[in-house]
Amino acid sequence: MRGRTEVPGSSRKRTVALALVLVLVVTGAIAWNVSLRPVTTETGGGRVDLPLIQGLDWSPSSLEINNTTTGEVIVADAIGTVAYNWSGLPAPCVSNDSATVECSPQVVGTYNVTVTVSDALGSVSDTSPVTVLPSAGGVSSDRPPGTHVHLEPGSLIDSAGASFFGVVAQTNCYNCIEGGDGTYLNETPYSDIRYGQGGDQCDVVNNSYYEDGKIVGTCPFSIPALKQWCDSTSPHCDWYVGLPGEINDPGYAAYEARWLVDTLDFAPTYWSIGNEPESYTYWNCPWATWATCKGTPTASEWAAEVLAYAKAIRSVVPDAKIIGIQAVGSYSTFIPALAASPAAKYLYAIAFHDYPPPTVAGTADYLSLLDSQYSATTEIDHVRAEITAANASLANLPIFIGEFNGGPCPTPSPLDQEFPDVLMYMGTVVQALRANLTELDYFALANDGFSLVGTNYAPYPTGVWMKEMNHVRFGDAYNFTVTGSVGNIWAVEWVDGPSDTLMVVNANVTQQLSLNVGSDFSVGSTGTTVFWNGTGAAPVATSVTLGQYYAVPPESILLVENY
């Protein structure tokens with residue numbers, strides 16, 4: 001199939017043409033973007049022309065949203081195996097190594113699509129715009145099909161930026177925070193780290209882990225390794241230690257505080273006391289006696305312990321920020337008892353854990369938890385009300401969700417490591433920001449059924465999404481009110497100077513949104529859309545001219561960025 005003509009200097013002209021087709025299957029005009037650019041490369045015997053892209057055929061040059069598009073590029077002078085790569089395609093379309101690519105765009109905008117053609121001697125590229133228009137099938141001619149939803153910009157709800165996002169850094173091994181787990185974190189916005197699984201059983205100073213009154217090995221985590229990782233990050237990480245509370249030993253708390261501050265030179269940002277004390281079975285028992293000693297604290301006994309620990313910590317670090325409890329849930333009686341106790345004056349914050357409890361049968365049930373009595377909105381509001389009723393002076397006390405994921409705990413839902421967890425997590429982010437939560441800590445980083453990454457450090461879908469969130473320019477967060485007849489839709493805007501990012505979570509399992517973002521959201525400027533509905537290995541980011549209308553399919557997430 002290949003014809004060759006010898007020319008002086010032993011260079012070879014290649015004349016066989018290959019066709020690459022991108023067809024837009026919709027009524028309209030045909031547009032040709034013709035590019036006749038001879039590109040050459042040096043060889044041992046002279047110069048050899050690279051393949052030529054002779055024309056890029058769009059039929060038509062614009063189409064309405066949700067129609068199917070296909071296309072054609074004319075290529076000449078290719079030698080050997082030919083490879084094709086498409087970039088800048090409308091979401092959710094993805095490239096393939098083929099002479100044809102088909103796509104049904106779901107986001108309005110103008111897309112500068114680039115095709116790169118490679119053969120044995122090199123590659124060439126060409127670019128041509130594709131315009132995706134709103135559908136004429138809706139109530140008005142300027143919006144896409146689907147249930148009409150309007151976003152109304154609202155008030156400032158948070159100024160913490162990326163520090164709102166925390167993670168419980170269970171790791172794959174003792175010092176893996178310095179290795180693969182830390183490498184993953186570097187690719188995400190996580191900079192607030194709750195560190196140390198099994199902290200109630202761990203003497204971190206002597207690196208000894210206890211079970212049944214015996215030392216059975218080393219601690220499953222390394223604070224020196226965390227220090228090495230934190231020292232390598234910019235900005236420096238914030239972290240909080242979990243002092244062992246089950247032993248009820250303020251002397252050990254001061255001992256560990258001195259080790260962290262004086263020996264390691266690594267003072268925590270926050271000092272958290274114990275983990276889920278409501279479930280303790282060896283409370284007030286030294287580690288060496290756990291084979292025979294048993295005990296569970298009452299709410300008032302826990303408040304007394306927090307007071308003693310706070311005094312011990314403050315004797316080493318006078319301005320220590322103390323998180324008085326990691327409560328097992330929002331309805332723990334330990335929370336109001338602590339707020340009403342003398343320990344209250346030492347509190348910087350309280351934390352509770354949130355794993356929506358019902359066992360769910362599938363995606364619809366799982367996502368319905370966002371819009372139920374088990375939502376983060378309900379849980380945070382309840383904790384705030386309990387604290388305020390117990391001690392009105394603590395009405396504005398910072399609240400952390402120290403562990404969050406889909407439940408029921410301790411057995412994770414299978415969906416926690418699938419795409420629906422992305423929607424559950426990001427929907428909860430919006431709710432938590434609206435409810436004035438100080439920090440939301442995802443459980444967990446690794447080595448658990450709820451993990452962001454697996455044992456080989458490969459991310460699960462939520463881990464993939466958080467790598468995409470690393471590109472967001474976090475700043476002040478503003479509430480967006482969703483008006484329309486569709487439920488389970490969550491939206492927030494982050495503003496960092498001139499940079500705006502809008503995140504829309506469609507956790508509705510049946511309704512596509514015809515989304516009107518309003519005329520003031522950077523309409524007409526160049527920006528980026530990031531779309532994902534779980535198909536494909538990762539979200540699709542596309543450079544576009546931003547519009548006022550977007551189609552957001554059921555069970556999907558969309559970022560709109562003006563940068």
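A: A disulfide here is a pair of cysteine sulfur atoms within 2.5 Å. In general, a disulfide is a covalent bond between the sulfur atoms of two cysteines. Before we go on, two notes on the ground rules. This is a predicted model, where local features need pLDDT of at least 70 and side-chain atom pairs count only at pLDDT 80 or more, while totals for chains, interfaces and linings use all residues. Residues are numbered from 1 along each chain as its sequence is written, and side-chain values use heavy atoms, with hydrogens and water left out.

Q: How many disulfides does a search of the whole structure find, and what pattern do they follow along the protein chain?
A: The search finds five. With bonded cysteines counted along the chain, the pattern reads 1-2, 3-4, 5-6, 7-8, 9-10.

Q: Take C173 and C176: how far apart are their sulfur atoms, and why is the disulfide given its handedness?
A: The sulfur atoms of C173 and C176 lie 1.9 Å apart. The torsion about their S-S bond is about 110°, so this disulfide is right-handed. For exposure, take buried as under 20% relative accessible area, exposed as over 50%, and partly exposed as in between (1.4 Å probe, protein chains only). On that scale C173 is partly exposed at 29%, whereas C176 is buried at 6%.

Q: What about C230 and C237: are these cysteines buried or exposed?
A: C230 counts as buried at 0%, and C237 counts as buried at 4%. The disulfide between C230 and C237 has an S to S distance of 1.9 Å. Its torsion is about 80°, so it is right-handed.

Q: Is the disulfide of C285 and C293 left-handed or right-handed?
A: Left-handed, because the torsion about the S-S bond of C285 and C293 is about -65°. The sulfur atoms of C285 and C293 are 1.9 Å apart. C285 is buried at 0%, while C293 is partly exposed at 24%.

Q: On to strands. How do I read a pairing?
A: Helices (H or I, at least four residues) and strands (E, at least two) are DSSP runs numbered from the N terminus, and two strands pair if DSSP finds at least two bridges between them. Also handy: in a regular strand the side chains alternate between the two faces of the sheet. Now try β13 (residues 147-158) and β25 (residues 476-484), which pair in the antiparallel sense over seven bridges.

Q: Which residue of β26 stands opposite D476, and how many residues lie between β25 and β26 in their hairpin?
A: D476 faces V495 of β26. The hairpin has four residues between its strands, and N488 in the turn has a positive phi of about 65°. β25 and β26 (residues 489-496) are antiparallel, with four bridges.

Q: What is the strand order in the open sheet of three strands?
A: The order is β16-β17-β18, paired antiparallel. β16 (202-203) and β18 (214-217) are the edge strands, each pairing on one side only. β17 (residues 208-211) is joined to β18 by three bridges, and Y209 has G217 of β18 as its bridge partner.

Q: Do β15 and β19 pair in the parallel or antiparallel sense?
A: Parallel: β15 (residues 192-195) and β19 (residues 238-243) share four bridges, and I193 has W239 of β19 as its bridge partner. β19 also runs parallel to β20 (residues 270-273), again over four bridges. There, L243 stands opposite I273 of β20.

Q: And helix packing?
A: Two packed helices are described by the angle between their axes and the distance between the axes. Axes here are lines fitted to C-alpha atoms, for helices over the stretch in contact, with angles from 0 to 180 degrees between N-to-C directions. The axes of α8 (residues 420-434) and α9 come within 8 Å and cross at roughly 50°. Contact (heavy atoms within 4.5 Å) involves D421, V422, Y425 and M426 of α8, and P461, T462, W465, M466 and M469 of α9.

Q: Why are α8 and α9 called oblique?
A: Angles under 35 degrees count as roughly parallel, over 145 as roughly antiparallel, 65 to 115 as roughly perpendicular and the rest as oblique. α8 and α9 are therefore oblique to each other.

Q: How many of the nine residues of α9 are buried?
A: Seven, so α9 (residues 461-469) is mostly covered. Among the buried residues of α9 are W465 and M466.
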